[in-house]
Amino acid sequence: MKTDILIVGCGVAGLYAALNLPKDRQILIITKSDAESSDSFLAQGGICVLKNDEDYSSFFEDTMKAGHYENNRESVDIMIRSSRDVIRDLINYGVDFTKKDGKLCYTKEGAHSTNRILYHEDITGEEITSKLLARVRERENITLLEYTSMEDLLVENNECEGIVAKDQKNHIFPIQASCTLLACGGIGGLYNHSTNFPHLTGDGLA
């Protein structure tokens, strides 16, 4: 298989990236399970946003503290400063954050010292991911391939040329791409016993 852009993972990161890429590029998204089984889809918590400029310092400190000050400071800055634009995009894609009297509601969770979390009931991940998934499926230039896992990277002269993939029937095949984006999650020890499916498996890191 060949494509212009290959995205490994169909959680919020992969879907949002695909929707922001040029429409004249052929984009292939793969996911190792079905599209509704990503960790993004199953997430219950909300999404943080910079409410106003006065909140920046507190937001930055909360984020650094939560990461034991090992965070990349530039990445934290980008995340905070772009958060309002991202939320605006998500709303335009159809995400229905909880509102009261027409205004967005904020709650507090995790390491945040103030209310800056937008949410949708207790299924925020499903709300965001399902709406992004619907928009992706509308795009003629985007193909979503389920039950396809990344086994290795294709590397030529120290440059990534795509991946080695495996389908549901354990067939191994290459996917060549001009650009490969790994959007396949973080790492941790969470295990869902109801589905016998390990989450946060760190595939990209592996």
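This is a predicted model: local features need pLDDT of at least 70, side-chain atom pairs count only at pLDDT 80 or more; totals for chains, interfaces and linings use all residues.
View 1. C48 is partly exposed, because its relative accessibility is 22%. C105 counts as buried, because its value is 16% and the limit for buried is under 20%.

**View 2. Helix α1 packs against helix α5.** Helix α1 covers residues 12-20, and helix α5 covers residues 124-138. Their axes lie 9 Å apart, at an angle of about 35 degrees. The crossing of α1 past α5 is left-handed. On the α1 side, the contact is made by V12, L15, Y16 and L19. On the α5 side, I128, T129, L132, L133, R135 and V136 take part. By class, the contact holds eight nonpolar residues, one polar residue and one charged residue. An α-helix has 3.6 residues a turn, so residues three or four places apart point the same way. V12, L15, Y16 and L19 can be followed along α1 with that spacing in mind.

View 3. Helix α3 spans residues 56-66. Its buried residues are Y56, F59, F60, D62, T63 and M64. Just after α3 comes H68, with a positive phi of about 55 degrees.

**View 4. Y147 has a positive phi in the loop between β7 and β8.** The loop lies between β7 (142-145) and β8 (149-156). Most residues other than glycine have a negative phi. Y147 is not a glycine, yet its phi is positive, about 50 degrees.

**View 5. Strands β8 and β9 form a hairpin.** The two strands run antiparallel and are joined by seven bridges. Within this pairing, L154 stands opposite G162 in β9. Two residues lie between the strands. N157 takes a positive phi near 55 degrees in this hairpin. N158 lies in the loop between β8 and β9 (159-166). N158 also has a positive phi, of about 65 degrees, although it is not a glycine. N158 counts as exposed, because its relative accessibility is 75%.

**View 6. Strands β9 and β10 form a further hairpin.** Strand β10 covers residues 172-182. β9 and β10 pair in the antiparallel sense over five bridges. V164 has P174 in β10 as its bridge partner. Five residues lie between the strands of this hairpin. In the turn, N170 has a positive phi of about 65 degrees. In a regular strand the side chains alternate between the two faces of the sheet.

Key: Residues are numbered from 1 along each chain as its sequence is written. Side-chain values use heavy atoms; hydrogens and water are left out. Axes are lines fitted to C-alpha atoms, for helices over the stretch in contact, and angles run from 0 to 180 degrees between N-to-C directions. Helices (H or I, at least four residues) and strands (E, at least two) are DSSP runs, numbered from the N terminus. A crossing is left-handed if the near helix is turned anticlockwise from the far one by less than a right angle, and right-handed if clockwise. Contact means heavy atoms within 4.5 Å. Ala, Val, Leu, Ile, Met, Phe, Trp, Tyr, Cys and Pro count as nonpolar, Asp, Glu, Lys and Arg as charged, and the others, Gly among them, as polar. Buried means under 20% relative accessible area, exposed over 50%, partly exposed in between (1.4 Å probe, protein chains only). Two strands pair if DSSP finds at least two bridges between them.
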